[in-house]
Amino acid sequence: MSRLAQVFTRLRASHKTALVAFVAAGDPDLATTAEEVGALSRGGADILELGVPFSDPVADGPVNQRAYQRALARGVTLGDVLDLAGRVRSAVPMVLLSYYNPVLQYGLQRFCVESARSGVDGLVVPDLPPDEADDLITSARPAGLDTIFLLAPTSTDARIRLAAARSTGFIYCVSVTGVTGVRDRVPEELHGLVRRIKTQSPLPVCVGFGVSTPQQARQIAGVADGVIVGSALVSLAEEPQDRIARLEQFVRDLREALDALPAREA
Amino acid sequence: MGSVASGRFGKYGGRFVPETLIPALDQLEQEYTRCKDDPQFQEELARYLRSYCGRPTPLYFAQRLTEHLGGGRIYLKREDLLHTGAHKINNTMGQVLLAVRMGKRRIIAETGAGQHGVATATAAAMFGLECDVYMGSEDMARQELNVFRMRLLGARVLAVDAGSRTLKDAINEALRDWVTNVRTTFYVIGSVVGPHPYPSMVRDFQSVIGQEARAQIREQTGRLPDYLVACVGGGSNAMGLFHPFFDDRDVRMVGVEAGGMGLAAGQHAATLVAGTPGVLHGAFSYLLQDDAGQVRPTHSVSAGLDYPGVGPEHSYFKDTGRAAYVAVSDHEALEGFHLLAQTEGIIPALEPAHAIAYLKTLAPTLDRNRIVVVGLSGRGDKDVQHVSKIEGS
C-alpha cells in the first residue's frame, strides 16, 4: 500500500479528515520552503503538497501566480524542487504539484525515478487531464508514484469514471469552476459533486481550490476525506514577519477545526 | 473520451487544460462538428462574410513590387481590405455564430495586436452579445488605437499585468476567466492555437483565404502558384492560406516568423525556427522555452507576432517538411512595411510586413514565370503611430 493510501486508511479508522497543506516551492527561496515544510508538519498536516513554479500557471489565481513568479525570479527549477524534497522528506507523505511542461522537459521517466528517490509519494499535474496522461502513468507506476487526477463541478459521470480509473492515492476534487484562490464560502454544489465521485470510486476524495478558513475546512470535512489548503497558506507567507510561526499556528487551527468534528460516517 | 485522438496533427496538438474545461471542449467539438456539416450554418456564415465582411477579397497582382524585386510574379491576397482591417474577422464571425447557436451570451477573447480583439468585439456587437477582451498592458500601450476601437464597439478591454504583459499572458488570463465562467461564456480564440478543437476549427474558418486564392490564381493565370508566403505568429492567416493547397504537392509554403532583434540575441518570437516542442495553452507544439521548461519572454516589433507558441498543425508541417519556416528581423519587417507602401500604395500591418520582407530574399531567386502568393493579412493603420514613434519622424 502506498504511503498516501496508508494515511487515508489510518484516518478512516479514527474517523478523521486528512489535511493537505500546499506551499509554493522556492518562494521566496528554497531554504524558507524547507522551514515551512517543517512548520506544516508540526502544525498537523497529513500530506504536504509542494508546488513547482511555472511561468504560465493557468489553473492558479493571483496569490499562487505571485508566489511562482517570486520563485522563478530566483531561478528555481524542477530539479531544485526535487533536491529540496529529498532534504525535507519525513514521515509525512509528500505530493508534487507541477504543470506539465517542466515535467515533460525534465523527461517523464527521469522525473518519476528522481521523484521517488527524493521521497515524493504522488503527482498532481493540473493541466494534464487523464486522457493525455498515458505516458506519465507509464513512468509513474514502476516508480511507485501515485497519480492524482482532478475532477471539477463540470465533470460528467464519464469523466469521473475516467479520472477514478487512472487515479491512485486519492482524487483531487476542485470545489468550484475557477482558479485557485481564497474564497468566502464553500459552494453548495460541492456536496453533490463529492457524492457523485464517491458512487463511482472507492478512492479517498480531497477537496481543494478556495478552502481558506478553519470553518470552511470543517464544512468540507463533513463530505470529503480530505481538505487541501493552498492559497490561504501562500498568502499568509507573503508577509515575512513571523512567517513560519504564523504558518504553523494556522495549520494547527485547521487541524483543530477538522478534529473537532463529530465522528464522520464511513 | 475518444475525441482527443482526432485533435492531433502527428504528435502535436491535444488538450492540456484543467479538467474543468474538458466538458466544455467536448461540447464545443460536438457543436462545431454539427455546424461544419450543416449547410444552413455554412450558408449563414458565407452570407455574413460576403455582405458584412466584404468577401471575397481580391487577389491582386503587385506589378510594381514584382518589377522592383526583379523575379517571381507576386500576388497579394488582400485580407487587409476586410471589415475591421484583417483576416481575423473570418474566424470571429464563425465562432460567434457558433456561440449564438450554443446559447452563450458572453464572449471573451485575448488579443495581441488588437486585431482579433476588434474583430471579436465587432462580431459580438453585431449579435448583441457581451464581450470582454484580455490584452497585455504592454500591447495596450503599443496599440492604443485598437484599444479605443474595441471600447467604441462596446467591449470591455481588461489589462493583463502578469508576466511579459503581452499575448501569452492575455491567453492565460482568458483561460482563467473561461475556467471560472465556463457555463455561460464562449471563448473565441484568435489563432490556430489552444486545445482541440480550436486549432482545427480556426483553421477551417480561415481556410476561406486559401480556397479563394486557389480559385483566383487559376482564374488569373491558369495555374497554381509555386510559392505561398505568410507571416506566422500563432499562425492563423498562414494556415488559412496554406491548408487548401495541402494536397498540391508542387506548391511550396513558407511561414515567416518574427526574428525580432535577431535570433542570436535571443530577443525574437521565431518559435518554429528556434524553438523546441513543449506544452503551452493547451497544446503540444513548438515553443520558446528555457532548459527547465519555463516559457521564455519574446520580442517583436509587431504585437501580433509576439508570441512564444505556435499552432500545432504548423509544428506538424515543419516536421514533415510540408512547409518551411524562416525568420525576418524587426528591421527587415520595417523595410517591408515601407517597400509595400511605396511600390504599391498599400500600407501593410507590421505582421504581414514580415512576409513582404521575406520576398526580398525569395523573389529575386525565382524565374519571371514563377508565381508567389502572399497573405496580406491586415492593413497598417493600427501601426502607423507605432512606426512613427520607432523611426522618430
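A polar contact is a pair of N or O atoms within 3.5 Å; within protein, one must be able to donate a hydrogen and the other to accept it, and residues adjacent in sequence count only if both atoms are side-chain atoms. By that rule, 20 residue pairs (both at pLDDT 80 or more) are in polar contact between chain B and chain A. The model is predicted: local features need pLDDT of at least 70, side-chain atom pairs count only at pLDDT 80 or more, and totals for chains, interfaces and linings use all residues. Residues are numbered from 1 along each chain as its sequence is written, chains are lettered from A and ligands numbered from 1 in the order in which they are written, and side-chain values use heavy atoms, with hydrogens and water left out.

Start with the interface. Contact here means heavy atoms within 4.5 Å. Chain B brings 36 residues to it, and chain A brings 36 residues. The two chains bury about 2900 Å² between them, 52% of it on carbon and sulfur atoms. Buried area is the accessible area (1.4 Å probe) that two parts lose on being put together, summed over both. On the chain B side, B:E19, B:R176 and B:Q294 supply 23% of the area buried against chain A, more than any other three residues.

Charged pairs come next. A salt bridge is a side-chain nitrogen of Lys or Arg within 4 Å of a carboxyl oxygen of Asp or Glu. Four salt bridges run between chain B and chain A. One of them pairs B:K168 with A:D56, with the closest N and O atoms 2.8 Å apart. Which elements of chain B each supply at least two residues of the side that touches chain A? They are strand 2 (12-16), helix 1 (22-36), helix 8 (167-181), strand 11 (276-280) and strand 12 (282-287). Helix 8 of chain B gives the largest share, eight residues. Helices (H or I, at least four residues) and strands (E, at least two) are DSSP runs, numbered from the N terminus.

Another salt bridge joins B:R183 and A:E189 (3.7 Å, N to O). This pair crosses between chains: B:R183 sits in the loop between helix 8 and strand 8 of chain B, and A:E189 in the loop between strand 7 (171-174) and helix 9 of chain A. B:R183 is partly exposed, at 45% relative accessibility. A:E189 is partly exposed too, at 37%. In this scheme, buried means under 20% relative accessible area, exposed over 50%, and partly exposed in between (1.4 Å probe, protein chains only).

Over all chains the count comes to 46 salt bridges. In chain A, A:E36 bonds with A:R243 in this way, the closest N and O atoms being 2.6 Å apart. The pair links distant parts of the chain, from helix 2 (residues 30-43) to helix 12, 207 residues apart. Both A:E36 and A:R243 are buried. Compare A:R110 and A:E114, whose side chains meet at 3.3 Å, N to O. Both lie in helix 6 (residues 108-117) of chain A, four residues apart, about one turn of the helix. An α-helix has 3.6 residues a turn, so residues three or four places apart point the same way. A:R110 is partly exposed at 43%, and A:E114 is partly exposed at 23%.

Now turn to packing in chain A. In helix 10 (residues 214-221), A:Q216, A:A217, A:I220 and A:A221 are buried. Seen down the helix axis, the buried residues fall within an arc of 140 degrees, so they line one face of the helix. That arc is taken from the directions from the helix axis to the C-beta atoms. Their cover includes helix 9 (190-200), strand 8 (205-208), strand 9 (226-229) and helix 12 (243-259) of chain A.

How many disulfides are found over all chains? The search of the whole structure finds zero. A disulfide is a pair of cysteine sulfur atoms within 2.5 Å. The sulfur of A:C173 is 9.6 Å from the closest cysteine sulfur, in A:C206, too far for a bond. For B:C35, the closest cysteine sulfur is in B:C53, 17 Å away, also too far for a bond. A:C173 is buried, with a relative accessible area of 0%. B:C35 is buried, with a relative accessible area of 0%.

The backbone of chain B ends the tour. Most residues other than glycine have a negative phi, and most peptide bonds are trans. The peptide bond from B:R55 to B:P56 is cis, with omega near -5 degrees. B:P56 lies in the loop between helix 2 (39-53) and strand 3 (59-61). B:H281 is not a glycine, yet has a positive phi of about 50 degrees. B:H281 is found in the loop between strand 11 and strand 12, and is buried at 5%.
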